Every structure is written in structure tokens, then in C-alpha cells.
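Trainee: I would like to learn how to read a sheet, the helices on it and a ligand shell. Please show me the model first.

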Amino acid sequence: MPGSARELSLRPARPGDLDAIVAIERVAFTDPPWSRASFASLVDDPRVVFLVATDRPAGGEAVAGAGAPGGVLGYVVAWVVVDEAEIANLAVAPERRRTGIGRRLLEAAVTSAVLGGARVLYLEVRESNTAARALYGARGFVLAGRRSDYYRNPVEDALVLRLDLRAAASPPERVRTRRVDGGAST
Ligand SMILES: CC(C)(COP(=O)(O)OP(=O)(O)OC[C@H]1O[C@@H](n2cnc3c(N)ncnc32)[C@H](O)[C@@H]1OP(=O)(O)O)[C@@H](O)C(=O)NCCC(=O)NCCS
């Protein structure tokens, strides 16, 4: 079925994906979105797992947004520092949500973290973000803490969620992953 999660391809982000990534980022978050320069700095950074989901084979060049065949449908950014991993960003194009793309990207990040040697994976999520919390909860993330008034527009707490990777074994996602030996923090 066209556009179904079964036809998804995950691959490392490329410079040609940035327009589509920034477009998704701008509609996905009410806080100041990550800038194009921020995303650009992560492409080809060996310390960072930066994957995009597209609906065509990984060898093709994505040239358009989520509304066109072959466009970027979502992305995830994660990294491992020593034995702890963090998912720093995850978003799916609004018109393609609830088709399994977020779950696939999350699973790829989990797999990358395991392969990178992490024993635990953290992320932050708005307390009111029921969609993301449901996604993470279904994967086994548990509440690890709270950051008061962490977000702006509107001001809201962040929940810190944690996944124990020693208990997170799952079938590996078929994507190219890179060993991460260090990295910045958000
Ligand atoms: C959160 C987000 C990435 C989920 O992506 P998605 O592709 O729609 O998610 P999936 O289709 O893979 O859903 C997987 C599971 O997550 C849960 N889920 C996802 N969206 C949900 C929603 N709106 N309401 C309730 N549960 C939801 C469900 O358990 C779902 O499984 P199901 O469809 O079999 O019931 C997407 O909503 C998004 O981009 N939101 C804006 C950006 C954002 O909040 N990012 C996370 C920041 S921490």
C-alpha cells in the first residue's frame, strides 16, 4: 500500500534532505525549532545518529518534502556518550503520522544506541505530549525525572524518560549505523 510503514526506508540524513527536515521541524514543535544550521552540522558527524525515513529505496536521493514521493517523512537524531545514549530529536510529517514511522525511527535509534555501546537511553518529552509519551511508553521507556518549566511556548515541564538497553533487546533495524564515541549535549 503506498505510503504504508512497510515501504519505509531508513538511511542517514544527507544535505539534500535538510529543506524537508526543517519543514517538518517547524510544524512539529512550538518551542524554537532547531535551525537548518543545527541540522546541517549533524549530517556526516560520525558521533551522531541522524536518520531519515523515506518511502523509497535507500539508494535514491530525496529531493522533496513529505508530500512528494521519495520525500523525507520523518527523522531522528541521537548520540551515545560513553555508555549513555540520548534521543535529541524525533519528528514525523503531520500528514504521515500514525502509520508506524515514529516507531520505526525510534527502534532504529534504540538499535544504534545498543550498537554504540550504551546501557541506557534517555530523552525528554513535554508532559502534555500524549502521542510521544504513548510511543515511548509502548517501547518500554519509564519515567526517570522531571525538569520544571523546561519548555517555552507554552511553559511546561519536561519529563525525562529512560530505557534500560540491557533489557531492550529487539530485532535490529536494517539501517547503516555509526559507532559514536562522544558528542555534544542539547
Ligand atoms: C510523536 C511522533 C513522533 C509519533 O510519530 P508517528 O509516526 O505518528 O507514530 P507511530 O505511527 O509510529 O505510532 C506508534 C505508537 O505510538 C503511539 N502513538 C502515536 N501517536 C499517537 C497519538 N496521537 N495518540 C496516541 N498514541 C499515539 C501509539 O501507541 C502508536 O501505536 P498504534 O498506532 O499501533 O496505536 C509524532 O506524533 C510527531 O512527530 N509529533 C511531533 C513531534 C514530537 O512530539 N516529537 C517527539 C518529541 S519528544
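Trainee: In what order do the strands of the open sheet come?

Mentor: Strands of a sheet pair through backbone hydrogen bonds, either parallel or antiparallel. In this predicted model, seven strands make an open sheet with mixed pairing, in the order E1-E2-E3-E4-E5-E7-E6. E1 (9-12) and E6 (142-151) are at the edges; each has a single partner strand, so one side of each lacks a neighbour in the sheet. From one strand to the next, the twist averages 25 degrees.

Trainee: How many bridges join E6 to E7?

Mentor: Six, and the two strands run antiparallel. Among the pairs, Leu143 has Leu161 in E7 as its bridge partner.

Trainee: Which strands does H3 touch?

Mentor: H3 packs on the sheet and touches E1, E2, E3, E4, E5 and E7, with its direction at about 25 degrees to that of E3. H4 lies across E5 and E7, at about 160 degrees to E5.

Trainee: Which residues come nearest to the ligand?

Mentor: Arg97, Gly102, Arg103, Ala131 and Ala134, out of 20 residues around the ligand. E4, H3, E5 and H4 each give two or more residues to that shell. H4 gives the most, with six. By class, the shell has 12 nonpolar, five polar and three charged residues.

Trainee: Why is Ala167 classed as exposed?

Mentor: Ala167 has 7, so Ala167 is exposed. Ala167 sits in the segment after E7 (156-164). Its C-alpha atom is 9.1 Å from that of Arg119, 48 residues away along the chain.

Definitions and conventions:
Residues are numbered from 1 along each chain as its sequence is written. This is a predicted model: local features need pLDDT of at least 70, side-chain atom pairs count only at pLDDT 80 or more; totals for chains, interfaces and linings use all residues. A residue is near a molecule or strand if its C-beta atom, placed from the backbone, lies within 6 Å of it. Helices (H or I, at least four residues) and strands (E, at least two) are DSSP runs, numbered from the N terminus. Ala, Val, Leu, Ile, Met, Phe, Trp, Tyr, Cys and Pro count as nonpolar, Asp, Glu, Lys and Arg as charged, and the others, Gly among them, as polar. A residue is buried if 20 or more other C-beta atoms lie within 10 Å of its own, exposed if 12 or fewer, and partly exposed in between; C-beta atoms are placed from the backbone. Two strands pair if DSSP finds at least two bridges between them. Axes are lines fitted to C-alpha atoms, for helices over the stretch in contact, and angles run from 0 to 180 degrees between N-to-C directions. Two residues are in contact if their C-beta atoms, placed from the backbone, lie within 7 Å.
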